[in-house]
Amino acid sequence: MKVWKVKMQFGFSIVGVVFLAMLFIPNIKWAKNQPLGYEELSRRENKTLLAFERIGQVLATCSSVVFVCPQGFSLPWLLWLLAAFLLMLLYEVAWARYFKGGEKLDGMYQPLGPIPVPIASLPVAALALLGIWYQSLITVIAALMLGIGHIGIHLGHLRELSLH
């Protein structure tokens, strides 16, 4: 029986830089013009979820650029990377829909087909797949921490919006 071993390899990842650019560019645009009501929602965020989100953000950002895939772009590892980028493309679609829809608060939480809170869930899932491609347990754990916090916070916002 063959056991899969994690083979984390350090290096500078241009793939990670591209990945982070896809993540940060729409967020920077959003931050310059946050929707009405968002600041009020953010004041009531669960502090534990916020701590998970912040720690996950730091770990995810760092691990995205300091690990490389030991197998490079060979199959079957390349499939993990392609799946991650597909999720990031869907993330860009979700942001484009938000920006074209008038940048309203409830637009941030609309599902994308069967994907709930896509602006929160898609990059987390993509980061987990990137971690698998890197064979980096650190990146996968960062994605899990980020997901607990970020998705949890967005689901809380969605719940609050549906109560009003």
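**Close-up views of a predicted model**

**View 1. The largest pocket.** The largest pocket holds about 600 Å³ of space. Its lining is made of 29 residues, and the closest to its centre are Asn27, Glu53, Arg54, Gln57 and His150. The model is predicted, so local features need pLDDT of at least 70 and side-chain atom pairs count only at pLDDT 80 or more, while totals for chains, interfaces and linings use all residues. Residues are numbered from 1 along each chain as its sequence is written, and side-chain values use heavy atoms, with hydrogens and water left out. A pocket is, on a 1 Å grid over the protein atoms alone, an open set of points where a 1.4 Å probe fits, with protein on both sides within 12 Å along at least five of seven lines; lining residues have an atom within 4 Å of a point. Grid points are joined across faces, edges and corners, and the volume is the space filled by probe spheres set on the points.

**View 2. Lining of the largest pocket.** At least two lining residues come from each of α1 (14-32), α3 (47-66), α4 (77-100), α5 (118-134) and α6 (137-163). Helix α1 gives the most, with eight residues. Helices (H or I, at least four residues) and strands (E, at least two) are DSSP runs, numbered from the N terminus. By type, the lining has 20 nonpolar, six polar and three charged residues (nonpolar: Ala, Val, Leu, Ile, Met, Phe, Trp, Tyr, Cys and Pro; charged: Asp, Glu, Lys and Arg; polar: the others, Gly among them).

**View 3. Aromatic pairs.** Rings of Phe, Tyr and Trp (its six-membered ring) pair if their centres lie within 6.5 Å; planes under 30 degrees apart count as stacked, over 60 as edge-to-face and the rest as tilted. The count comes to nine aromatic pairs. In the pair of Trp30 and Tyr38 the ring centres are 4.8 Å apart and the planes stand at 90 degrees, so the pair is edge-to-face. The rings of Trp133 and Tyr134 have centres 5.5 Å apart and planes at 35 degrees, so this pair is tilted. Trp133 is buried at 3% relative accessible area, and Tyr134 is buried at 0% (buried: under 20%; exposed: over 50%; partly exposed: in between; 1.4 Å probe, protein chains only).

**View 4. An aromatic cluster and a charge.** Tyr91, Trp95, Tyr98 and Phe99 form one aromatic cluster. Over the ring of Phe99 sits the charged end of Lys29, 4.2 Å from the ring centre (NZ of Lys or CZ of Arg within 6 Å of the centre and within 35 degrees of the ring normal).

**View 5. The largest nonpolar core.** This core has 38 residues, and Phe19, Leu130 and Trp133 have the most contacts inside it. Two or more residues come from each of α1, α2 (38-43), α4, α5 and α6. Helix α4 gives the most to this core, with eleven residues. A nonpolar core is a set of buried Ala, Val, Leu, Ile, Met, Phe, Trp, Tyr and Cys residues joined through side-chain atoms within 4.5 Å.

**View 6. Backbone details in two loops.** The peptide bond from Leu75 to Pro76 is cis, with omega near 0 degrees; Pro76 lies in the loop between β2 (67-68) and α4. Glu103, in the loop between α4 and α5, has a positive phi near 55 degrees. Val117 is placed in the loop between α4 and α5, and its phi is also positive, about 30 degrees. Glu103 is partly exposed at 22% relative accessibility, whereas Val117 is buried at 3%.
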